[in-house]
Amino acid sequence: MATVYAVASAKGGVGKTTTTAAVATILADSGADVVAIDADLGMANLAGAVGVTPGETTLHDVLAGEADPEAAVREGPFGLRVVPADLDAYAAADPSGLRGVVEAFADADYVFVDAGAGLSHDSTLPLAIADEALLVSTPERSALGDTEKTRQLTERLGGTVAGAAVTRVTD
């Protein structure tokens, strides 16, 4: 049974996708079976972060009920399975189907769900379906405040925060 991590922060531009790509790739390189799902439905860019070109079928097609999750998988570095998203089927995508997408990869060791920014339904749904959340922030006051809001929401949804990654730290 896969351990599912939501990589999240209410603040945009803090490095959620970069963190997802790095941690998922490192684990895949260690021999773990890892799936990374780009659940940032409006600003999908996980595929590019791991050097994968989205195929004809993406997460948006799956969430629109037009394909099975396995059909959207692209192979990334070290055997990382990537479920990219793009905007072609954005209007028809139903984010509530994300739980079924995650469950389709229960055979993996780890599933990482790269969440979008903000506290909308689309961006908070990963927090509700993940086993644990990895919060991402920069050291800026506004980013830390938004990350704290994400932590509070995670707990309200019954989730657990595994930890936090602070990016763009300088001396």
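Tyr-5, Tyr-110 and Phe-112 form one aromatic cluster. Rings of Phe, Tyr and Trp (its six-membered ring) are taken as a pair if their centres lie within 6.5 Å; planes under 30 degrees apart count as stacked, over 60 as edge-to-face and the rest as tilted. The structure is a predicted model, in which local features need pLDDT of at least 70 and side-chain atom pairs count only at pLDDT 80 or more, while totals for chains, interfaces and linings use all residues. Residues are numbered from 1 along each chain as its sequence is written, and side-chain values use heavy atoms, with hydrogens and water left out.

Over the whole structure there are 3 aromatic pairs. In the pair of Tyr-110 and Phe-112, the ring centres are 6.4 Å apart and the planes stand at 35°, so this pair is tilted. Tyr-110 is partly exposed, at a relative accessible area of 26%, whereas Phe-112 is buried, at 3%. Here buried means under 20% relative accessible area, exposed over 50%, and partly exposed in between, with a 1.4 Å probe and protein chains only.

The strands come next. Helices (H or I, at least four residues) and strands (E, at least two) are DSSP runs, numbered from the N terminus. Strand β1 is mostly covered, with 5 of its 6 residues buried. Two strands are said to pair if DSSP finds at least two bridges between them. β1 pairs with β5 in the parallel sense over 5 bridges, and 4 bridges join β1 to β6, again running parallel. Ala-6 shows both pairings: its bridge partner in β5 is Val-113, and its bridge partner in β6 is Ala-133.

In soluble globular proteins, nonpolar side chains tend to be buried together. A nonpolar core is a set of buried Ala, Val, Leu, Ile, Met, Phe, Trp, Tyr and Cys residues joined through side-chain atoms within 4.5 Å. The largest such core has 29 residues, of which Ile-37, Leu-59, Leu-98, Val-101, Val-102 and Val-111 touch the most other members. Two or more residues each are given to this core by β1, β2, α3 (59-63), α4, β5, α5 and β6. Leaving aside residues up to four places away in sequence, Val-102 touches Val-4, Ile-37, Val-111, Val-113 and Ile-129. Another core, of 19 residues, lies apart from the largest one and has Ala-21, Val-34, Leu-80 and Phe-112 among its members.

Helix α1 (residues 16-29) has 14 residues and reaches 20 Å from its first C-alpha to its last. This is close to the 20 Å expected at 1.5 Å a residue, where the expected span is 1.5 Å times one less than the number of residues. Its buried residues are Lys-16, Thr-17, Thr-19, Thr-20, Ala-21, Ala-24, Thr-25 and Ala-28. They pack against β1, β2, α2 (46-49), β5, β6 and β7 (161-166), contact meaning heavy atoms within 4.5 Å. Just after α1, Gly-31 takes a positive phi of about 105°. In helix α5 (residues 121-129), the buried residues are Ser-123, Thr-124, Leu-125, Pro-126, Leu-127 and Ile-129. Their cover includes β1 (3-8), β2 (34-39), α4 (98-103), β5 (110-115), β6 (132-137) and α6 (141-156).

Charged side chains supply a further set of links. A salt bridge is a side-chain nitrogen of Lys or Arg within 4 Å of a carboxyl oxygen of Asp or Glu, and the whole structure holds 5 of them. One of these joins Arg-81 to Asp-107, with the closest N and O atoms 3.7 Å apart. Because Arg-81 lies in strand β4 (residues 81-83) and Asp-107 in the loop between α4 and β5, the pair ties together parts that are 26 residues apart in sequence. Asp-107 is exposed, at 53% relative accessibility.

The side chains of Asp-146 and Lys-149 meet at 3.5 Å, N to O. These two residues are 3 apart in α6, which is about one helical turn, and Lys-149 is partly exposed at 45%. Glu-148 and Arg-151 meet in a salt bridge at 2.5 Å, N to O, and are likewise 3 residues apart in α6, about one turn of the helix. Glu-148 is partly exposed, with a relative accessible area of 31%, and so is Arg-151, with 26%. Elsewhere, salt bridges that share partners join Asp-33, Arg-81 and Asp-107 into one network.
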